[in-house]
Amino acid sequence: MDQKRTAILVVLDGLGDRPVIELGGLTPLQAAKTPNLDQLAAEGQTGLMYVISPGVTPGSDVAHLFLFGYDPLTHYPGRGALEVLGTELPFKPGDIGFRANFATVDSDLTVTDRRAGRNITPEEGRILQKAIDGLVIDGIKVHFTHTVQHRGALVLEGNGLSDKITSVDPRETGLKILESKPLEPKAKKTAKVVNKLVQIAHERLRDLEVNKKREKKGLLPANALLLRGPGQLDVVKTLKDLWGVKSAVIAGGALYIGTAKYVGMEHVPVEGQTGTIDTNFDNIAEKAIECVDSGYDFIFVHIKATDNASHDQDAKKKVLAIERSDAMIGKIVDALHERVVLIVTADHSTPIAVGEHTCDPVPVLLWSSFIRADSVQAFSELDAAKGALHNFRGLSLLPLMFGYAGLLEKVGA
Ligand SMILES: [Zn+2]
């Protein structure tokens, strides 16, 4: 068995792309100046990964479960539950977790903007949060926290709840907020509470001073709450149970923190980590280095900026996010070198030209100081197609990394 090293998985969310006309027919990863990633690719191995399987377009939560070695067909608590786990909200088996959006509606609850202008400040979020958090409806307690921009997470706590209800989110503007319906008889109570909550939230948010101020400034009021992805907490075997590893997550977004915590990773907060292009890449690198020093076997670092730029179809911003990530990765490897096994990859492709997730496989870079190099000299989707790792599926990623990190036992005598 190889000497033990720390496994570091860096996921640049939505990194995979296709040729972009604005970038002269290059992908953002090809166009970006990435001296560190290119050197690591030259010294290591590359390949392409089908995160779920060929032809399947992954959602971010499911994709990460595959990368962590879990098959969401057997382990999937629902996005709302994962999002809630990524916050400080109390959440226990029996409770129902939701993703929540502040939205703008008119007086008959017709949605005019699903994200209330996408520009709610942390200060405004704190005030809006107070109007919802702590409500009690039919004996069910409501816990709510604002996370970032228009986003939040919500928990219903009480007896006899079920996550088998339909969503209230109409998914497009110009339609009324939907009535939640039970999908099984015992979910009647939950659907009723959700419908009352939507109404009460609207009445409370509508009358807040903060919304009147927003309207005066020409901004959209955050006067409604859209709840999505209901899910109940289930308990799975952790990475520690399965592999005996002590693991940590360094991420900015609640969904990624929550998905990692679901499989037993410890959340390590980083000052200035925001999940945007302005996240503090230096602090993230330093925290990763610190985690190796403090004895973690596996560290998952998540960068969201690449995916945000992809959804905004902003090629230049995606290039910038990749370049900043490159510098961050360079800093980590320079400091740790022979102490780590590193993988840099993505959870899915989000091509600039599409602005949504697609089924294109993602590039993978595997590096360690001792690894047998292939002939690939740069890190990109096209170069990785020629690499030694060839094509493989997401469920193989963790064992691949753990094997080289000396974290797996020999099979057989
Ligand atoms: Zn993603």
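Colleague: How many bridges pair strand 9 with strand 10?

Modeller: A note before we start: this is a predicted model, in which local features need pLDDT of at least 70, side-chain atom pairs count only at pLDDT 80 or more, and totals for chains, interfaces and linings use all residues. Residues are numbered from 1 along each chain as its sequence is written. Helices (H or I, at least four residues) and strands (E, at least two) are DSSP runs, numbered from the N terminus, and two strands pair if DSSP finds at least two bridges between them. Strand 9 and strand 10 (residues 266–267) pair in the parallel sense, and the number joining them is two bridges.

Colleague: Which residue of strand 11 is the bridge partner of Ile250?

Modeller: Strand 9 also pairs with strand 11 (residues 298–303), running parallel to it over four bridges. In strand 11, the partner of Ile250 is Val301.

Colleague: Are the residues on the two faces of strand 9 buried or exposed?

Modeller: A residue is buried if 20 or more other C-beta atoms lie within 10 Å of its own, exposed if 12 or fewer, and partly exposed in between, with C-beta atoms placed from the backbone. On one side of strand 9 (residues 247–250) we have Ser247 and Val249, and on the other Ala248 and Ile250. Both faces are covered, and these four residues are all buried.

Colleague: Which element gives the largest share of the side of domain 1 that touches domain 2?

Modeller: The domain bounds come from an automatic or database domain assignment, which gives domain 1 (6–75 + 236–404) and domain 2 (82–232). Two residues are in contact if their C-beta atoms, placed from the backbone, lie within 7 Å. The contact takes ten residues from domain 1 and nine residues from domain 2. On the domain 1 side, eight residues come from the element with the largest share, helix 9.

Colleague: How far apart are the centres of domain 1 and domain 2?

Modeller: The centres are taken over C-alpha atoms. Their separation is 32 Å.

Colleague: Why is helix 14 described as largely enclosed?

Modeller: The buried residues of helix 14 (residues 397–404) are Leu397, Leu398, Leu400, Met401, Phe402 and Tyr404. Their cover includes strand 1 (6–12), strand 2 (45–50), helix 3 (60–67) and helix 8 (239–243), among others. Helix 14 is largely enclosed by the rest of the structure because its buried residues number six of the eight.

Colleague: How many C-beta neighbours does Leu82 have inside 10 Å?

Modeller: Leu82 lies in helix 4 (residues 79–85). Leaving aside neighbours within four places in sequence, Leu82 is in contact with residues including Asp61, Leu255 and Tyr262. Leu82 counts as buried because its C-beta neighbours inside 10 Å number 30.

Colleague: What distance separates the C-alpha atoms of Ile120 and Pro221?

Modeller: Ile120 sits in the loop between strand 4 (111–113) and helix 5 (122–132), and Ile120 is buried, with 24 other C-beta atoms within 10 Å. Not counting residues up to four places away in sequence, Ile120 touches Phe102, Gly125, Gln149, His150 and Ala222. Ile120 and Pro221 are 101 residues apart along the chain, and their C-alpha atoms are separated by 9.4 Å.

Colleague: To finish, what radius of gyration does the whole chain have?

Modeller: The radius of gyration is taken over C-alpha atoms, and the globule rule is 2.2 Å times the number of residues to the power 0.38. With 413 residues, a compact globule would come out near 22 Å. The chain agrees with that, at 22 Å.
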